[in-house]
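Visitor: I'd like to learn how to read a few features of a model. Could you walk me through one?

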Amino acid sequence: MEDTYRHKGLRKQLVDGLRQKGIRDEAILGAIGKIPRHCFLDRAFEEWAYQDVPFPIGAEQTISQPYTVAFQTWLLEVKKGDKVMEIGTGSGYQACVLAEMGAKVYTIERQESLFQKTNKLLEQLGYQRIRTFLGDGSLGLPRFAPYDGILVTAGAPEIPKPLLNQLKVGGRLVIPVGRADFQEMLVVHKRSAHKFETERFGHFRFVPFLGGVEKKRKKD
Ligand code: SAM
């Protein structure tokens, strides 16, 4: 997959734009500056890859807006070596940002068609260290718990209890919670086994968090 000087130039402009919008964490900006976002979109839509907008990736899903990716990553306070679980792999872009920041990434997707497509892409781009799972993210991945951070990239009607249980004490869950078309970004801090504190960070619009696994159809 080609990553030309033109792509690199557009990426730099995207990073500069995010800096102007208030993202100051150099590790996050460095990751966004490095990852070829155009590879996560269909070739026909390459022009959109470095604009600060969400974009359709098929299966009625979207790759999140770069600002939202940067903001959620900042809220997660990722440190090198952290064990992070992401719910909603989608295109795999957010998982790559976390991996570039030195996190050990476990990511779950409920749609089989996306899961397979993204697995291939991550391998092509050399992100084999990211562990991908097909499943219902509301159950988390108890096998690998506890996690330093959990990041949900779909709008949930409420906080799934298993995710709180799978957090480390001292860890945080970043999750947009609310109606199907409008959610509030929450950061839930786990202070002790049964004590949680919640902070609120404004409103966002994510695709809905749905239960169960959606099997691949023949035409996908
Ligand atoms: N993080 C993604 C990226 O970087 O491209 C963007 C994710 S997209 C906004 C939300 C994704 O969450 C969709 O791919 C959707 O299928 C998935 N999803 C929704 N509910 C889920 C669930 N319960 N478990 C796992 N994935 C889920």
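Guide: Let's start with the aromatics: Y67, F71, W74, F201, F204 and F206 form one aromatic cluster. Rings of Phe, Tyr and Trp (its six-membered ring) pair if their centres lie within 6.5 Å; planes under 30 degrees apart count as stacked, over 60 as edge-to-face and the rest as tilted. This is a predicted model, where local features need pLDDT of at least 70, side-chain atom pairs count only at pLDDT 80 or more, and totals for chains, interfaces and linings use all residues. Residues are numbered from 1 along each chain as its sequence is written, and side-chain values use heavy atoms, with hydrogens and water left out.

Visitor: How many aromatic pairs does that rule give?

Guide: The count is 12 aromatic pairs. Take Y106 and F133: their ring centres are 6.4 Å apart and the planes meet at 15°, so this pair is stacked. It links distant parts of the chain, with Y106 in strand β4 and F133 in strand β5 (residues 131-134), 27 residues apart. Helices (H or I, at least four residues) and strands (E, at least two) are DSSP runs, numbered from the N terminus.

Visitor: Are Y106 and F133 buried or exposed?

Guide: Buried means under 20% relative accessible area, exposed over 50%, partly exposed in between (1.4 Å probe, protein chains only). Both Y106 and F133 are buried.

Visitor: Which charged ends sit over rings?

Guide: A charge sits over a ring if NZ of Lys or CZ of Arg is within 6 Å of the ring centre and within 35 degrees of the ring normal. K8 has its charged end over the ring of Y5, 5.6 Å from the centre. The charged end of K83 is over the ring of Y147, 5.8 Å from its centre.

Visitor: What about disulfides, how many are there?

Guide: A disulfide is a covalent bond between the sulfur atoms of two cysteines. The test here is a pair of cysteine sulfur atoms within 2.5 Å, and the count comes to zero. C39 is in no disulfide, the nearest cysteine sulfur being that of C96, 9.9 Å away. C39 is buried, with a relative accessible area of 10%, and C96 is buried too, at 0%.

Visitor: C96 belongs to α4, then. How many of the residues of α4 are buried?

Guide: Seven of its eight, so α4 is mostly covered: Y93, Q94, A95, C96, V97, L98 and A99. Just after α4, G102 takes a positive phi of about 95°.

Visitor: And how do I read a pocket?

Guide: Picture a 1 Å grid over the protein atoms alone: a pocket is an open set of points where a 1.4 Å probe fits, with protein on both sides within 12 Å along at least five of seven lines, and lining residues have an atom within 4 Å of a point. Points are joined across faces, edges and corners, and a volume is the space filled by probe spheres set on them. The largest pocket holds about 540 Å³. It has 37 lining residues, with T62, T153, A154, F206 and V207 closest to its centre.

Visitor: What is the volume of the second largest pocket, and which residues lie nearest its centre?

Guide: Its volume is about 450 Å³. C39, F40, L41, K117 and L121 lie nearest the centre, out of 21 lining residues. Helix α5 gives the largest share of that lining, six residues.
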